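This report describes selected local features of one protein model. Please view the sequence and the structure together while reading.

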Amino acid sequence: MGEQFLLPSQPRLAYHRRMTQRGRLYGCPVEFALDALGGKWKTVILARIKEQPLRYSELRRMIPSLSDKMLTQRLADLVEIRFVVLETSPDGKARYALTERGRDLAAALQALYDWGSVHGRAEGVRFRTDIEAAA
């Protein structure tokens, strides 16, 4: 499979323009960071890709509660804001990998993971990763 180009839809294009607008006033850096990450699914996808580059089908299996449409849209968003790049692996298959900008998020993603793990377990939450590891 060759290189794929994802054409942004109008809403995504408007989002990207808003995100990259020079001189835009944010209340604080956290507000900008959360605007860039834009919701739950982008951080979940980034947390999976931070471990290693993954193909679309691998991401789909790892995040079964995410619909195909939403996964496609969020991956396009992450490519558009340069957190993720679609690359060709040595075996010729396309996979998603973090860019330098995306790798800069690794520590923050790990901190969110660690916090969620500790506090989720304290609340009696179960995690799919625990079930998969036990199987």
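Is Tyr-26 buried or exposed? At 16% relative accessibility, Tyr-26 counts as buried, because buried means under 20% relative accessible area, exposed over 50% and partly exposed in between (1.4 Å probe, protein chains only).

The model is predicted: local features need pLDDT of at least 70, side-chain atom pairs count only at pLDDT 80 or more, and totals for chains, interfaces and linings use all residues. Residues are numbered from 1 along each chain as its sequence is written, and side-chain values use heavy atoms, without hydrogens and water.

Rings of Phe, Tyr and Trp (its six-membered ring) pair if their centres lie within 6.5 Å; planes under 30 degrees apart count as stacked, over 60 as edge-to-face and the rest as tilted. This rule gives 1 aromatic pair. The ring centres of Tyr-26 and Phe-32 are 5.3 Å apart and their planes lie at 80°, so the pair is edge-to-face. Phe-32 is partly exposed, at 32% relative accessible area.

Helices (H or I, at least four residues) and strands (E, at least two) are DSSP runs, numbered from the N terminus. Helix H5 (residues 68-80) has 13 residues, and its buried residues include Leu-71, Leu-75 and Leu-78.

Two strands pair if DSSP finds at least two bridges between them. Strands E1 (residues 84-88) and E2 (residues 94-98) pair in the antiparallel sense over 5 bridges, and Glu-87 stands opposite Arg-95 in E2. The two strands, E1 and E2, form a hairpin with 5 residues between them.

| Residue | Location | Phi |
|---|---|---|
| Arg-82 | just after H5 | about 65° |
| Gly-92 | turn between E1 and E2 | about 85° |

Key
Expected span 1.5 Å × (residues − 1).
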